[in-house]
Amino acid sequence: MIELNVKAKIPFLWGKASFEKRNWAAVNLIVGPNGSGKTLLAEQIAEQFNAAGYDINFLRAERHSDDDAAAMRTIRENQDVRQKIEDVLSNMFAKSIRFEEAPGGRLVAIVVNKARGVEYNLKQGECHGLKEILTLLVALYGNPSGKKNCLILDEPELHLHPQFQQFFMNEIRKASADDPKRVFFLITHSPYFIDLNFSEDLLGVVVCHVNRAPTSIDSLSDYDESMFRRFLPRFNTYHKQFFFSDKQIFVEGYTDQQLFTRLLSCVDNKVGSAGTGVIDVGGKDELGVFFKVCSLLGTDGRIITDLDSLFCGKLREEVCSDARTETFLEAQREKQDGFYTMLFTKKELAKKITLEKLIVRLERYLGALGEFLGRAESSGNERIDVLVEKIKYLYSKHDAPENMDTFKTVVLMGATLLRAELSDFLPLPLAASLGQIINLANLIFAAIEQSRVYILRRGCIEHYYTQTKVDYMPVSSKDRIFHSEIEFMLEQNSAKLKKNYEELLVILNKACS
């Protein structure tokens, strides 16, 4: 870790705000959307590292002939660099590559294609990618070791195939390990350069935003380090899209991702949805980790999740401690005072009302309601009987199912969907609790939305399908009914999609606002 205080200001982009950072990794990444000031920030970082005694080599995105000439001078003057680049390029392209003098004293790269029995000038006969990797390798290998050196690469991915991007990033890691006095900054739009192997690598990420100052992480708690250590091996190239836009929406699985992606074209706010992508993370607990990463990096991540996320998991933990949620509930305290007196004792009201307390109280109501329904006989009402049958099934399969997130989800879904019918069926105290359950759930949903987390109140994405009727969770035959639904969606125009998926679009419009 390198300690160097850096303070940067770009008033026409960030106003009076400034970017400040003290702790730097050996390899740092400057990421963000176009127009967010990445290169301008890098210039100010370069000035301050230079003032601290670092030699600066800034390879800009607009490569010039001067860059080629400087690279060739280095190759001519440094035999070790020349030999290393010849070896590396020959291995990369399965063609022998050597440098030799041309008429006029110029040094040129010659490509030898042994399979075809031909030789040709690299500059004249090869694609931009080979020329680009040559320039990058000279910048990487051409600095003397043992000196404080700062190499800044603006868009190193230009003209490079993904496998060459990964190769070059590995070479940077090797160079960094071999020479601890070197520091690297990569300004990139490519997920292949988001090379995060260890928790501390996150300290080297600087995220630039449109119209506000960049953000970064200066330190991690022991808990965060442990969490990210388990998470990073599952963090793939597809997931890394959120580093390049504040507008990414995270969902649990591929079915949610496919449906919401299809509906993005129907969002009313075209400005809000521009640049938005929907990323599936592979599970409820992963959503909590992405929420944490976004919070630490200062990116405006949005999450759409199933109703059962309310009752367990990392996401619940993170949302309950989010400052935006806490601020909302503090502002609601006076307005909700009468309602709170119905939920809590005077002793409980004397303390802060948190989201966690509200959820726990909701769980208590749901437990009592679910316990009664689990013992109930046939009601003569088909819709209530379907609910009762599902709850009885959970009791038959599990010990103490009332502690399960699925059980609580099913009971809350039933209370919401069948409030009028259940009011006539339940004993008076439980019937009276239905209003408290629904009001409490609505308050919880509103608080959670302050953190840009949006709950699928019907339970999960399958309950919004139009081609298959799904009653309560868990849902069986998910893959089969998904394909039926997505095929239907692909046949619909925008107007029909808006009509058939109105509730999902309400959620999506909120997420894109």
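**Figure 1. The largest cavity of the predicted model and its lining.** About 70 Å³ of space lies in the largest cavity, and one cavity of 30 Å³ or more is counted. A cavity is a set of points on a 1 Å grid over the protein atoms alone where a 1.4 Å probe fits but cannot get out, and lining residues have an atom within 4 Å of a point. Volume is the space filled by probe spheres set on the points, which are joined across faces, edges and corners. Ser309, Leu310, Leu315, Arg316, Val319, Cys320, Leu355, Ile359, Ile448, Val453 and Ile455 line this cavity. At least two lining residues come from each of α12 (314-320), α16 (355-375) and β15 (453-456); α12 gives the most, with four. Helices (H or I, at least four residues) and strands (E, at least two) are DSSP runs numbered from the N terminus. The lining has nine nonpolar, one polar and one charged residues (nonpolar: Ala, Val, Leu, Ile, Met, Phe, Trp, Tyr, Cys and Pro; charged: Asp, Glu, Lys and Arg; polar: the others, Gly among them).

**Figure 2. The second largest pocket.** This pocket has a volume of about 340 Å³; a pocket is an open set of points with protein on both sides within 12 Å along at least five of seven lines. Of its 15 lining residues, Arg383, Leu417, Lys469, Val470 and Asp471 are the closest to the centre. Helices α17 and α18 are the elements that give two or more residues to the lining, and α17 has the largest share, three residues. By class, the lining divides into seven nonpolar, two polar and six charged residues.

**Figure 3. Packing of α17 on α18.** Helix α17 (residues 382-397) and helix α18 (residues 405-417) pack at about 170°, with axes 10 Å apart. Axes are lines fitted to C-alpha atoms, for helices over the stretch in contact, and angles run from 0 to 180 degrees between N-to-C directions. α17 is therefore roughly antiparallel to α18 (angles over 145 degrees). Contact (heavy atoms within 4.5 Å) involves Arg383, Leu387, Lys390, Ile391, Leu394 and Tyr395 of α17 and Thr406, Phe407, Val410, Val411, Gly414 and Leu417 of α18. Eight of these residues are nonpolar, two polar and two charged.

**Note on the model.** Residues are numbered from 1 along each chain as its sequence is written, and side-chain values use heavy atoms, with hydrogens and water left out. Local features need pLDDT of at least 70 and side-chain atom pairs count only at pLDDT 80 or more, whereas totals for chains, interfaces and linings use all residues.

Key: Parallel < 35°, antiparallel > 145°, perpendicular 65-115°, else oblique.
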